Amino acid sequence: MIRVRASQIFTHAVEDAVAAKKLLDEGKPFTEVVSQYSTCPSKENGGDLGWMPEDNAMALMGEISEQDQGKILGPIHSPYGYHILQITEIEKEEEEIVFNPDTPMTEVNRVLPEVHTLLFKHFHIGMPVTGYKPEETIFTVCEQHGKTVGQVLSLLNKEAGGKQVRFISPEQLKEKMKNGEPIVLLDIREQWERDIACIEEATFITRENCESVLADLAPDSEIVVVDWKGDRTESFQKFLGQRGFTNVQGIEGGIDAWAEKVNTRMARYDIDEEDDDYRYEDIFDDAP
């Protein structure tokens, strides 16, 4: 696995994108062209978008290898405008080995409570909410469903190795808010979820406003991510960490726990994760 750092020139005008690329082809420094043509808030940092994991980088740039450092891509047209990207750094990430084929699924479930959803989403193994028998292992589950053990292990080890998410209990968050502490609440759910239940003090963050919201925050801001049950908090915490934010945590149990323990008048809802069409709105994969 690798992680990629990139800078970008972003503009809504195709003429500016073409002119910027011409200057780059003539050898003008990327940061100077950023200053001249980019309209993205990252312009203040020379176009730097920070670090992104391999999956996010590939979604935006296609296949990437360690030999692509310094490469300039684009102009790339997206729903938001035109992007010219420069790959500034590439680092190889060593995969942490947490599980092996003989690891009991009960142990996997202890480390990764969301394992049912992960396996169903990526491999259509089992159902999103089912228990495991004591004798079941990663190997036997893969064998039963005709899946490649190596691919499943790679996913599970990647998820477990990146488990660094911090949580604050709903009660602790309520106390901090009551005391007027400067906490930034970022609601990363979809609009329909927020329509059902929301914490009014939370900022609703989307692909469209992501850059402008983050640009107004100090790197050491105390950020609390508002999710449904906390299952997407980790990936967003990683994203914020790559952007330089050092104090990020989620609500333990998400807004569902907040409704249960703090605001008992708040509506609660369920998500049918067996539906292949269901997905969280992707906030940061395509953010300009």
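Reader: Tyr 269: buried or exposed?

Author: Tyr 269 counts as buried, because its relative accessibility is 8%. Buried means under 20% relative accessible area, exposed means over 50%, and partly exposed is in between, with a 1.4 Å probe and protein chains only.

Reader: What kind of model is this?

Author: This is a predicted model; local features need pLDDT of at least 70, side-chain atom pairs count only at pLDDT 80 or more, and totals for chains, interfaces and linings use all residues. Residues are numbered from 1 along each chain as its sequence is written, and side-chain values use heavy atoms, with hydrogens and water left out.

Reader: OK, aromatics. How many aromatic pairs are there?

Author: Rings of Phe, Tyr and Trp (its six-membered ring) pair if their centres lie within 6.5 Å; planes under 30 degrees apart are stacked, over 60 edge-to-face, and the rest tilted. By this rule there are 3 aromatic pairs. One of them is edge-to-face, because the rings of Trp 192 and Tyr 269 have planes at 70 degrees, with centres 5.6 Å apart.

Reader: Where do Trp 192 and Tyr 269 sit in the chain?

Author: In distant parts, 77 residues apart. Trp 192 is in helix α9 (residues 191-196), and Tyr 269 is in the segment after α12 (254-261). Helices (H or I, at least four residues) and strands (E, at least two) are DSSP runs, numbered from the N terminus. Trp 192 counts as partly exposed, at 35% relative accessibility.

Reader: And what do Trp 228 and Tyr 269 form?

Author: A stacked aromatic pair, 6.1 Å centre to centre, with 25 degrees between the planes. Trp 228 is in the loop between β8 (222-226) and α11, 41 residues from Tyr 269. Trp 228 is buried, with a relative accessible area of 6%. Ring pairs link Trp 192, Trp 228 and Tyr 269 into a cluster.

Reader: Back to α12. How many of its residues are buried?

Author: 6 of 8, so the helix is mostly covered. The buried ones are Gly 254, Ile 255, Asp 256, Ala 257, Trp 258 and Ala 259. They pack against α8 (170-178), β8 and β9.

Reader: Now the sheet. What order do the 5 strands take?

Author: The order is β5-β9-β8-β6-β7, in an open sheet with parallel pairing. The edge strands, β5 (167-168) and β7 (203-204), each pair on one side only. Two strands pair if DSSP finds at least two bridges between them.

Reader: How many bridges join β6 to β7?

Author: 2 bridges, and the two strands run parallel. Leu 186 has Thr 203 in β7 as its bridge partner.

Reader: What else does Asp 187 touch?

Author: Beyond four places in sequence, it touches Arg 194, Ala 202, Thr 203, Phe 204, Ile 205 and Val 226. Contact means heavy atoms within 4.5 Å.

Reader: Different spot. Where does Arg 243 lie?

Author: In the loop between α11 (233-242) and β9 (248-251). Arg 243 counts as partly exposed, at 22% relative accessibility.

Reader: Which residues is Arg 243 in contact with?

Author: Leaving aside neighbours within four places in sequence, Leu 49, Glu 211 and Leu 214. The Arg 243 side chain reaches the backbone oxygen of Leu 49 at 3.3 Å. A polar contact of 2.9 Å joins the side chains of Arg 243 and Glu 211. Leu 214 is 29 residues away in sequence and 8.9 Å away in space, C-alpha to C-alpha.

Reader: Last one: which residues of α1 are buried?

Author: Ala 17, Ala 20, Leu 23 and Leu 24. They are on the same side of α1, because they cover an arc of only 125 degrees around the axis. That arc is of the directions from the helix axis to the C-beta atoms. On the other side, Glu 15, Val 18, Lys 22 and Asp 25 are exposed.

Reader: What do the buried residues of α1 pack against?

Author: β1 (2-11), α2 (30-37), β3 (72-78) and β4 (81-92).

How values were computed: A polar contact is a pair of N or O atoms within 3.5 Å; within protein, one must be able to donate a hydrogen and the other to accept it, and residues adjacent in sequence count only if both atoms are side-chain atoms.
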